[in-house]
Amino acid sequence: MSVLTGSVLTVDALRIDAGAIPLVRDVSFAIGPGERVGLIGESGSGKSLTALSLLGLLPEGVRASGSARLDGVPGDLVGADERELSKVRGKRVSMVFQEPMTALNPVMRVGDQVAEVMLLHRTQPSRARALAAAVDLLDRVRLPEPKATARAYPHQLSGGQRQRVMLAIALANDPALLICDEPTTALDVTVQAQMLELIVELTAERDSALLFITHDLAVVATVCERVLVMYGGRVVESGDVYEVFTAPRHPYTDGLLAASDLSAVDERGRLRTIPGVVPGGGEFPDGCVFRNRCPRATDQCVQTPGWTGTPERGFACWHPVGGGQ
Amino acid sequence: MALYLLRRVAVFIVSTAVAAVAVFAFMAVLPGDPAAIALGVNATPEAVAAKRAEFGTDRPLAVQFLAWVSGLPTGDFGLSYVSGDRIGPQIADRLGVTLWLVLFGMLIATVVAVPLGAAAAVRHRSVTGLILSGLSQVGVAIPAFLAGILLVFLFAVTWQVLPSGGYTPLAEDPVAWFQQLLLPALSLGLVQGAVLSRYVRSAVLDVLREDFIRTARAKGMGLYRALWRHGSRNAAIPVVTVLGLQLATLLVGAVVVERVFTLPGLGSLLLDGVANRDLLLVQDTVMVLVVAVLAINFLVDALYVVLDPRLRDLSPRGAR
């Protein structure tokens, strides 16, 4: 895939390995300023690893190679040393994690935890100013009584409130890119929608680009403009959300959409599923990673399918769905 | 929070009372009559009875107990059956030595264990971590008295840089005080430090895996800074528990080490008491040691509240 000019993030041929086990292969994509991109796929497809590699926060023993360039940062994010990365983290790129209950330090006041990220990058000149800015941010993420909340400890807040605090931390320095890794998965459904609205609103206000990781197709449809579908550590399809969801080309995307359609049932009257389970890391078949679960697989699928289409809209499949081919 | 502390105070008072009963009862059931012991085998029954009346051991046990217990808070520990001296001042005198020894030992243990344990945790996958773990394993296996004898052999006998024993009060000569206390404190502290470092290591390892450390790093903190700012207080919570237990162990361990280094502490007072069959002295010393251990436990409980805000509110939501 070629590299978009003027993009905030450009990932090229990213691969991630745990020792000899390949986890992510050949992932390339770009995100424009203020663009909201979804990264979807089942658990174990490599979505979170891809995101963590952009921050240099991969778990011990897991290594990334390839390239990831961020606008305004001179070096490559992949393989950069800790010193370089710590200047970027929390300032140019920030991240909201899946589990709000454990993501905050239990023995530190919430306001201090928000203020810290501004003091760390010297975007506020003093502790007092940073704390005042933190209260403002807590207000912006619509926490009730922001002054009192700033003095609270995490255990005094609910999961949804803690996730708002995480969002306040992530947006404190107006990052060029916000990565959200399943930010609403652990929340009650009623709280989810408000949280998603808030993410869209606040990133738009700052013109921050958004990389939104989820396995929930409905969430992608509400939040994102463009979507990347990942399976087995590879991007198997990408494109405009509407196009991909209405006219999927990769059988995996097709299967995902069929499985999330709660009105459609199979011949036995059950909800549709994708047969089989996601293999463990490194246990995907060679050639097309989806071929052992794919209804359209043939002998040709032993070869790795190339990318068909443009970087913005395309798929990697020998036997695509629809499109008259 | 006030409720929590109040509860801890109540626990402290109740357990002290129970301990007093236990210590007294234990000494009471021991065979041997202090009066008979004091007078020797040739004493007449009349003389023994007179002695009993003098000691007060002819009274019912409950009366003896109340008389003993009611004196304790005011520092009236009774008179020695053997020398007839007041026991209170003796204990106060000896307690000072033991407290210095234990505090000094604990300080050495902490100074050794915290950096060593933290380094072993951060480098747990490397050779350095393995070597550090191995070293602490060796330390754990050495008893304090053996460490003491080894230290005396090296520093006092072979190199002759430090005295092998004795004690000079701090007010008299601080340099001599320090020199004489150094070896005994080292033999207590190094061994306890080795034990403590293993707990520090596992506490830091646990913290390293916490999500909030990842959050701190995602904010732009280096690993070490994140560990210090966000990890230290969280890791301190389990370590403080062990520290409290170790202080208690040190108090008891001091009994042996004081013997090795001829320090006039509470431990040697206790051993002298046992050797002279000075039962009341033994009873008092044991009681002081027990109260010290209970007080340490109370302090540890109080420290939890300072370290962990989750313990401060006892509202249902705060209790998780």
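## A buried leucine in a loop

L77(A) sits in the loop that links β4 (62–70) to α2 (82–88) of chain A. The model is predicted, so local features need pLDDT of at least 70 and side-chain atom pairs count only at pLDDT 80 or more, while totals for chains, interfaces and linings use all residues. Residues are numbered from 1 along each chain as its sequence is written, and chains are lettered from A and ligands numbered from 1 in the order in which they are written.

L77(A) counts as buried because it has 24 C-beta neighbours inside 10 Å. A residue is buried if 20 or more other C-beta atoms lie within 10 Å of its own, exposed if 12 or fewer, and partly exposed in between, with C-beta atoms placed from the backbone. Leaving out residues up to four places away in sequence, L77(A) touches L54(A), G56(A), A68(A), L70(A) and V88(A). Contact means that the C-beta atoms of two residues, placed from the backbone, lie within 7 Å. G56(A) is 21 residues from L77(A) along the chain, yet their C-alpha atoms are separated by 7.2 Å.

## The sheet of chain A

Chain A has an open sheet of eight strands with mixed pairing, in the order β5-β6-β7-β3-β8-β9-β11-β10. Strands pair if DSSP finds at least two bridges between them. The edges are β5 (93–96) and β10 (308–309) of chain A; each has a single partner strand, so one side of each lacks a neighbour in the sheet.

Strands β8 (residues 226–231) and β9 (residues 234–240) of chain A run antiparallel and are joined by six bridges. V229(A) has E237(A), in β9(A), as its bridge partner.

## The nonpolar core

The largest nonpolar core has 165 residues, and those touching the most other members are V114(A), A168(A), L177(A), L211(A) and F212(A). Such a core is a set of buried Ala, Val, Leu, Ile, Met, Phe, Trp, Tyr and Cys residues joined through C-beta atoms within 7 Å. Among the residues that F212(A) touches, not counting those up to four places away in sequence, are R36(A), V37(A), C180(A) and V220(A).

## The two domains of chain B

Chain B is divided into domain 1 (2–74) and domain 2 (93–311), with bounds from an automatic or database domain assignment. Taken over C-alpha atoms, the centres of domain 1 and domain 2 of chain B are 33 Å apart.

In chain B, 15 residues of domain 1 are in contact with 13 residues of domain 2. On the domain 1 side, α1 (2–29) and α2 (34–39) of chain B each give two or more residues, and α1(B) gives the most, with 11 residues. By class, this side has 11 nonpolar, three polar and one charged. Ala, Val, Leu, Ile, Met, Phe, Trp, Tyr, Cys and Pro count as nonpolar, Asp, Glu, Lys and Arg as charged, and the others, Gly among them, as polar.

## Where chain B meets chain A

Between the chains, 21 residues of chain B are in contact with 28 residues of chain A. On the chain B side, α9 (211–218) and α10 (223–260) each supply at least two residues, and α9(B) gives the most, with six residues. This side of chain B has five nonpolar, six polar and 10 charged residues.

Key: Helices (H or I, at least four residues) and strands (E, at least two) are DSSP runs, numbered from the N terminus.
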